[in-house]
Amino acid sequence: MTSFNCDILIVGGGMVGLSLAYQVLGRGISKNIIVLDKEDKFGVHSSGRNSGVLHAGLYYKPGTLKARVCVDGAKRLREWVEERNLPLNACGKVIVPQRIDLDSQLEVLAERGKSNGATVEFWDEHQLHQCIPEARTASGRALWSPNTAVVKPISVVNSLQSELIEKGVRFLSGCRNWFASPEQCKLTLADGSTISYGHLINSAGLQADRVAHLFGVGLQYTLLPFKGLYWKLKPESPIQPRCNLYPVPDLNVPFLGVHFTPNTEATPTISIGPTATPAWGRENYRGLQAIEPLMAASNLSILARQYLANRGGFRRYVHEQAFLSLPPLLLNAAQQLIPEIKSEYFSLSDKVGIRSQLFNRDGQRLEDDFLCLDGPHSTHVLNAISPAFTASFALADLILDQSSLANNLS
Ligand SMILES: Cc1cc2nc3c(=O)[nH]c(=O)nc-3n(C[C@H](O)[C@H](O)[C@H](O)COP(=O)(O)OP(=O)(O)OC[C@H]3O[C@@H](n4cnc5c(N)ncnc54)[C@H](O)[C@@H]3O)c2cc1C
């Protein structure tokens, strides 16, 4: 049994937790930091399982936290990746309307992008075909985002962790069961060891609401998990888009629609996905692993009520996205972007992630923005959904600026 002592205890060593540690050090707030994770290895959840796209900031409503941090965060993370020679594919992204009535949404995205500080350009069909000859635009127009890039998420997480270890941050892994005593600013681990802290930051990703509830914070929020499956184009497929190809998204729901994304290899593998299908457990990546029947039943009833009330256009999500893990529907979605794609061109990828979407029981709505709540000597980062990976450094700054951390350390 050990008695640990730290100024700042970070619960959850994904990209958000690691970036927080990085910024706490970088800003000279404290050197006495512990990052605690329930897993033996870091990056095994969303931060190591995402598409790796550094988003350029087109989607987010000006004024939202996502809009405030995405462009700056993407720029900083890209520079950080480049300085360390980590894999990067600076391939850009093109967004195409899959139906003629979606053309006007390109204007909305372009406007949002410009107000958020992103660079965008309208393309005609000829320009689109110069980039991806087989891509289709229903209206003859497309929106080009030159600054969208792709990284290898797990290499970013591993490098950031190594750097933090070198700088003296302590990591405690495999801490599955711990008990919180918020009034004493203390956690007790399963082996009886204790960690006393000045301020705790909860960045537990898919479990962040459950951790927050232990501190009496955010009791009206619960997380709904959505499974993101990927397929990949086979090397023999005659179609290999060389940049990101996205549909115009439904801006009422938090998912961007199935898209084509090249990875960072010298000859990139192109993934198709991810889907956003209701998951049966927060960490139910495969088969019957980690199924949570009670949670699944409660979430299904929430989703059914959302469907019946059609809140935020939820029916459209169900009709267009909820069942895309079925190969014929996925093929149909992919063919809206590239009509010549055939099912024999792709196979299921072993990559799978789970998106943690926050639901507000009070407002009966899905939360669309990041949420950062203060608790007793603690800060709770809820709903760190996409683009939290892209934005992580800037998001960490925002969290540090807004939290009560400074008061608790002085
Ligand atoms: C399929 C998919 C595709 C995505 N694509 C993109 C993209 O292209 N670009 C982008 O910017 N974002 C993308 N995202 C979103 C991005 O991955 C997340 O926003 C980001 O990784 C969140 O990081 P995090 O640190 O909050 O969570 P995580 O990476 O999940 O880390 C949370 C950590 O907390 C730990 N933990 C949980 N409970 C406890 C506990 N009780 N005690 C101790 N530790 C605990 C977990 O073990 C985990 O290590 C995608 C997400 C998914 C799922």
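## Close-up views of a predicted model

**View 1. Asparagine 85 sits in the loop between helix H2 and strand E4 (88–89).** The model shown here and in the views that follow is predicted. The phi angle of asparagine 85 is near 55°, a positive value in a residue other than glycine. Most residues other than glycine have a negative phi.

**View 2. Tyrosine 22 and tryptophan 80 form an aromatic pair.** Seven aromatic pairs are found in a search of the whole structure. In the pair of tyrosine 22 and tryptophan 80, the ring centres are 6.3 Å apart and the planes stand at 90°, so the arrangement is edge-to-face.

View 3. To the contact, domain 1 brings 20 residues and domain 2 brings 24 residues. The two domains bury about 1,800 Å² between them, and 45% of this area is on carbon and sulfur atoms. On the domain 1 side, Arg49, Leu206 and Leu366 supply 36% of the area buried against domain 2, more than any other three residues.

**View 4. Salt bridges and polar contacts occur between domain 1 and domain 2.** Three salt bridges are counted between the domains. Aspartate 209 and arginine 282 meet through their side chains in a salt bridge, at 2.6 Å from N to O. Eleven residue pairs are in polar contact across the interface. On the side of domain 1 that touches domain 2, helix H6 (208–214) and strand E19 (365–366) each supply at least two residues. H6 gives the most to this side, with three residues. By class, the side of domain 1 that touches domain 2 holds nine charged, seven polar and four nonpolar residues.

**View 5. A cis peptide bond joins glycine 273 to proline 274.** The omega angle of this bond is about -10°. Proline 274 lies in the loop that runs between strand E16 (270–273) and strand E17 (277–278). Most peptide bonds are trans.

**View 6. Serine 386 and proline 387 are joined by a cis peptide bond.** Here omega is about 10°. The loop that holds proline 387 lies between strand E21 (378–382) and helix H10 (388–402).

Technical notes
Residues numbered from 1 in each chain as written. Predicted model: local features only at pLDDT ≥ 70, side-chain atom pairs only at ≥ 80, totals over all residues. Heavy atoms only, no water. Contact = heavy atoms within 4.5 Å. Buried area = accessible area lost by both parts, 1.4 Å probe. Salt bridge = Lys/Arg side-chain N within 4 Å of Asp/Glu carboxyl O. Polar contact = N/O pair within 3.5 Å; in protein donor to acceptor, adjacent residues only side chain to side chain. Helix = DSSP H or I, 4+ residues; strand = E, 2+ residues; numbered from the N terminus. Nonpolar A, V, L, I, M, F, W, Y, C, P; charged D, E, K, R; others polar. Phe/Tyr/Trp six-rings, centres within 6.5 Å; stacked < 30°, edge-to-face > 60°.
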